[in-house]
Amino acid sequence: MRDIEPGGDRDKLEEVDEWQLYASAGYASSELESEEIESEEGNSEEIWFDGDDLEFEGSTVNWDSPPCPAPLGIAHVIKIGVCDHCLARVSGFHSKGSGPDSGSLIREEAFLRDADLESKIVQDYCPLCENLFDDVENIVDRVFETLSKTEFSTMQFGIHLPKDLVQEEDRIRSKYGAPGSYHLKGAIVESIHERIRGLGKEVDFVKEKPDVMVLVDGLTLRVDVDVRPIFLYGRYRKLSRGIPQTRWPCRACRGRAQGCESCDETGLQYVDSVQDLIGEPIRDALDAEDTSFHGMGREDIDVRCLGSGRPFVLEVKKPSKRTLPVEDLVELVKGHAPGKVEVDRFTWCTRKKVNEVKQSRSEKTYTIRFRPEGPVDKETAEKSILSLDGQVIDQETPQRVSHRRAAKTRRRKITSIDKLSFEDDEIEITLRCEAGTYVKELVHSDEGRTTPSVQSVLGTDCEVIWLDVLEIHYE
Ligand SMILES: [Zn+2]
Ligand SMILES: [Zn+2]
């Protein structure tokens, strides 16, 4: 296509100038081109289409109703009943803005060009959107009704449209719409966004990680709102034995909601869990539905976890609030679980951190106290135990976890034995081991399933009294 032909053939121009005037507008999304067209009105310099045929999406244009923005194209889509919203988006008049106002302007101009056009309209039901744009206000009202008690700053919108509507819309738009016209789905979502902005709501529309996801069914106008979870990263210390890490359903009633006699109607085998001691005050403060607890491994119920604590991510599900200062959350936990569980600080994170925490393999330092059955000579015993320093041990899956862990032999390294002390007939050792070492089994050998073990080097049975996780060497 050539741009400008000064003093061109007037006859040819008259045939095509009107079409060309709009055709350029159709391709023009930039201000510049539309300005050029305006400035050419009444100018001796004219532009025209340099050819007598136009290939459009593989088919020759039907000159009786060419695609918009040709006036005949616009007249055609008006005739078949297109609404102002759809007229605005398929007409190709980007320069006139979008929305129903620009649509009605384009319609008025078309009526001025053809006085009979209005009487030729076959229906007032828009074949492109089935008047869906009329429901935008209603949809937005429903969304905000559903979210009236929910705090959010970002939103992602999706709309589900019936397949036959999408196909029919696409067919009509490809044939009569201006090239590059916005498809229905995008236009509806954009119209919803505009309506929300118009209401003065402070919402950012995002394409990923929204606070709330809204899905609208274009057929039934059903609105589904999904409030996305928020994630808190922290490290917990468990100061008291007898607390499981996560909620543990009652064995008798399997944790059904109303509980049973044996669990005092709690549905829980243990009233306390690290998950609820930390999660419940936070769930309450954020008016959330529930929590999930993602720990970097877990200690046994009877094992304390000290030092800087075990890393975890608390997932707070369907929170009504999501902007409380993390310092306040730390205080809430402090007030809720004194002497049981402590968290020094929280940071907000994303779901990605869950995987990071779950997949991390950190060395740990433990203190374990045990009692050898037979009498031991302190000096010999110390030497024997220290011989395990830096050793690699083989551990078959412990009997106590064999119901939930695959049977296999794990090879683990005892990185170091840092401390050893005797008190009465008991021995306490502090040792650092590779991730995944079964430390109780390292001491009592699990009937010979762990080799070598403290028991095997001492040559007498050993009974574990208690175990503490002293440090998880992470970050
Ligand atoms: Zn429409
Ligand atoms: Zn129960």
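1. Of the 475 residues in the protein chain, 31% count as buried (20 or more other C-beta atoms within 10 Å of a residue's own, with C-beta atoms placed from the backbone; exposed means 12 or fewer, partly exposed in between). This is a predicted model, in which local features need pLDDT of at least 70 and side-chain atom pairs count only at pLDDT 80 or more, while totals for chains, interfaces and linings use all residues. Residues are numbered from 1 along each chain as its sequence is written, and chains are lettered from A and ligands numbered from 1 in the order in which they are written.

2. The protein chain has 14 helices and 17 strands (DSSP runs numbered from the N terminus: H or I of at least four residues, E of at least two).

3. Helix H7 spans residues 163-176 and reaches 20 Å from first to last C-alpha, close to the 20 Å expected at 1.5 Å a residue (1.5 Å times one less than the number of residues). Its buried residues are Glu169, Arg173 and Tyr176. They lie on the same side of H7 because they cover an arc of only 85° around the axis (taken from the directions from the helix axis to the C-beta atoms). Exposed residues Lys163, Asp164, Gln167 and Arg171 are carried on the face turned away from that side.

4. The cover over the buried residues of H7 includes helices H3 (71-79), H4 (84-90) and H8 (184-198) (contact means C-beta atoms, placed from the backbone, within 7 Å).

5. The axes of H3 and H5 (residues 100-113) come within 10 Å and cross at roughly 110° (lines fitted to C-alpha atoms, for helices over the stretch in contact; angles run from 0 to 180 degrees between N-to-C directions). H3 and H5 are therefore roughly perpendicular (65 to 115 degrees). Pro71, Ile74, Ala75 and Ile78 of H3 meet Ile106, Arg107, Ala110 and Arg113 of H5.

Key:
Contact = placed C-beta atoms within 7 Å. Parallel < 35°, antiparallel > 145°, perpendicular 65-115°, else oblique.
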